[in-house]
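Student: I am new to this structure. Please take one part and walk me through it closely.

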Amino acid sequence: MRGFSSRTALSAAEDADLVAEWRMAEPAWQTFFVASQLTRAVRIRMRLVPEDHEVRVLEESWEVTRVGDPPQLKMSGAYSRGPGRTVSSRYRIERGDNGGSEATETFRFDSLELRDPLQSVVLKSGWTWRSVILGKL
């Protein structure tokens, strides 16, 4: 998955054992994310709780806007916390072989593509995937 990154060396402020997110702020990916016209950023923070055999999970998302010239992505004030689904698509309209217009999908991101593989590994390992909305991770 392009642009996906997981990290285990985290700052104390992130308060997690593992973080999965689109790394939109990295200069190498800025052009790709601006061109894809994403409107939301997604991050999944996970805390391992071995004594309970569970992974506590906090899903976060933010609206992003494009600013400047050349445009760069910036996080806006709209923030949500808890499980959710974000789907972003981009299409190119072209004239088809029959002369009519055809839409071809050129980009797609579904936040389930980030969450589902993580959740699957946790559950197949016999652990519990516990979503956290309120309180501490």
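**A close look at Ser 61**

Tutor: Start with what surrounds Ser 61. Leaving out residues up to four places away in sequence, Ser 61 touches Arg 40, Ala 41, Val 42, Ala 78, Tyr 79 and Ser 80. Keep in mind that this is a predicted model.

Now place the residue. Ser 61 sits in strand 4, which covers residues 54–67. Is Ser 61 buried or exposed? It is buried, because its relative accessible area is 9% and the cut-off for buried is under 20%.

Next, the side chain. The side chain of Ser 61 makes a polar contact with the side chain of Ser 80, at 2.6 Å.

Follow that contact to its other end. Ser 80 belongs to strand 5, residues 72–81. Ser 80 has a relative accessible area of 30%, so it counts as partly exposed. Neighbours within four places in sequence aside, Ser 80 is in contact with Arg 40, Glu 59, Glu 60 and Ser 61. Take Glu 59 from that list. Ser 80 and Glu 59 are 21 residues apart in sequence, yet their C-alpha atoms are 8.4 Å apart in space.

Arg 45 is in strand 3, residues 40–49. With a relative accessibility of 10%, Arg 45 is buried.

Stay with strand 3 for a moment. Why is strand 3 described as largely enclosed by the rest of the structure? Because eight of its ten residues are buried. Strand 3 also pairs with strand 2, residues 18–22. The two run antiparallel and are joined by four bridges. In one of these pairings, Ala 20 has Ile 44 of strand 3 as its bridge partner.

Finally, step back to the whole chain. The protein chain has two helices and eight strands. Along the sequence, their order is β-β-α-β-β-β-β-β-α-β. The chain has 137 residues, and 35% of them are buried. Look too at contacts between residues at least 6 apart in sequence: 48% of these join residues at least 24 apart. The accessible surface of the chain is about 8300 Å², with 50% of it belonging to carbon and sulfur atoms.

Definitions and conventions: Residues are numbered from 1 along each chain as its sequence is written. This is a predicted model: local features need pLDDT of at least 70, side-chain atom pairs count only at pLDDT 80 or more; totals for chains, interfaces and linings use all residues. Side-chain values use heavy atoms; hydrogens and water are left out. Buried means under 20% relative accessible area, exposed over 50%, partly exposed in between (1.4 Å probe, protein chains only). Contact means heavy atoms within 4.5 Å. Accessible areas come from the Shrake-Rupley method with a 1.4 Å probe; for residues, only the protein chains shown count as cover. A polar contact is a pair of N or O atoms within 3.5 Å; within protein, one must be able to donate a hydrogen and the other to accept it, and residues adjacent in sequence count only if both atoms are side-chain atoms. Two strands pair if DSSP finds at least two bridges between them.
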